[in-house]
Amino acid sequence: MRAVVVDDASADLRVVDDFPTPRPAPGEVLVKVAAAGINRADLMQRQGLYPPPPGITDVMGMEISGTIAAVGEGVAGYDIGDQVCALIAGGGYAEYAVVPATQLLPVPEGVSLVDAAALPEVAVTVWSTIVMDAGLTAGETLLIHGGGSGIGTHAIQVAKALGAKVAVTVGSELKAERCRQLGADIVINYREQDFAAELADQADVILDIMAAQYLPGNVAALATGGRLVIIGMQGGLVGELNIATLIAKRARVIGLNVRNRPIAGPGSKAEIVAAVAKDEWPLVNAGTVAPIISARLPIGDAARGQEMLNSADSIGKVLLLLDDKG
């Protein structure tokens, strides 16, 4: 099969035509991939900073959409030919990918098979962080750092659907306007404004991708009983935490990821995917939450797609089209 691989010497991406096609193990299905979502974690993996879990292919790609091509032993409820989208630990930049059946989601109503690839990773990340772990409720204020990102644009929609007030940080007026269109109530340009001063003691939940750099400001922005959820480390690994302020606010700092969770059991990917299917997918089926996509590129343009995602102008998701022969 065709797959995108990383050159060990240069870290460049290249397409190979003879990569071994995987076979589904018991409990898995094989999906003929229509499209794969590009995520920031892919860029980190390419740089050697975020290796896949043990036993997972080195081929990048953590979310796909496509058609089931084979069903492994013990899988019930899915048949060859079913159209699905899925969360995977790796292997999405390829014509075929294996998926644990518990990580499959139906293609939402009104969403094309290709565009469905933009949903699994952001949906699972957003729902598990701001809802399942942080417990965001109607009337609370959510602060999202990186409001124009795939995670950010999705989180705005989910939070508004839950009845929350939404604040975001962005780096350009282009991203600011798109966030307003999606429902953001407060838009802060971090190049010109201090988010901690603008939102002092107001944020009930903060979804943070910056970590160390924003830690003091995030604690200052937290309301009493606030929850700071850190899912990225773009601003560094080690920061200074004012424990006295944290205690005075009875606040919590939570570190979360999805990729390294167990497949099944408490706190697993299966548990999160089931919650997304039950509670968030109705919002997507109704059109209240929609995929936000900035580009759809052929598999041969994987490197350009990653560059686009990493650019200051990127809004939402970038998809790779695996059915395209480009």
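A polar contact here is a pair of N or O atoms within 3.5 Å; within protein, one must be able to donate a hydrogen and the other to accept it, and residues adjacent in sequence count only if both atoms are side-chain atoms. Helices (H or I, at least four residues) and strands (E, at least two) are DSSP runs, numbered from the N terminus. All views show a predicted model, in which local features need pLDDT of at least 70, side-chain atom pairs count only at pLDDT 80 or more, and totals for chains, interfaces and linings use all residues. Residues are numbered from 1 along each chain as its sequence is written, and side-chain values use heavy atoms, with hydrogens and water left out.

**View A. The start of helix 8.** Here a side-chain oxygen of S268 comes to within 3.4 Å of the backbone nitrogen of A270.

**View B. Helix 8 along its length.** Helix 8 spans residues 269-285 and has a kink of about 45 degrees at D279, shortly before the proline P282 (the bend is the angle between axes fitted to the seven residues ending at a residue and the seven starting there). Its buried residues (under 20% relative accessible area, 1.4 Å probe, protein chains only) include K269, I272, E280 and W281. Among the elements covering them (contact: heavy atoms within 4.5 Å) are strand 5, strand 7, helix 2 and helix 3. Just after the helix, G287 takes a positive phi of about 85 degrees.

**View C. The largest pocket.** A pocket is an open set of points on a 1 Å grid over the protein atoms alone, with protein on both sides within 12 Å along at least five of seven lines; lining residues have an atom within 4 Å of a point. This one has a volume of about 1,300 Å³ (the space filled by probe spheres set on the points, which are joined across faces, edges and corners). Of its 50 lining residues, R40, I209, I231, G232 and Q234 are the closest to the centre. Helix 2 gives the most to the lining, with five residues.

**View D. The second largest pocket.** Its volume is about 360 Å³. I56, T57, A89, G90 and V98 are the closest to its centre among 26 lining residues. Strand 6 supplies the largest share, five residues.

**View E. The largest cavity.** A cavity is a set of grid points where a 1.4 Å probe fits but cannot get out. This cavity has a volume of about 40 Å³, and its lining includes A118, H154, P291 and K317. Helix 3 gives the most to that lining, with three residues.

Notes. Buried means under 20% relative accessible area, exposed over 50%, partly exposed in between (1.4 Å probe, protein chains only).
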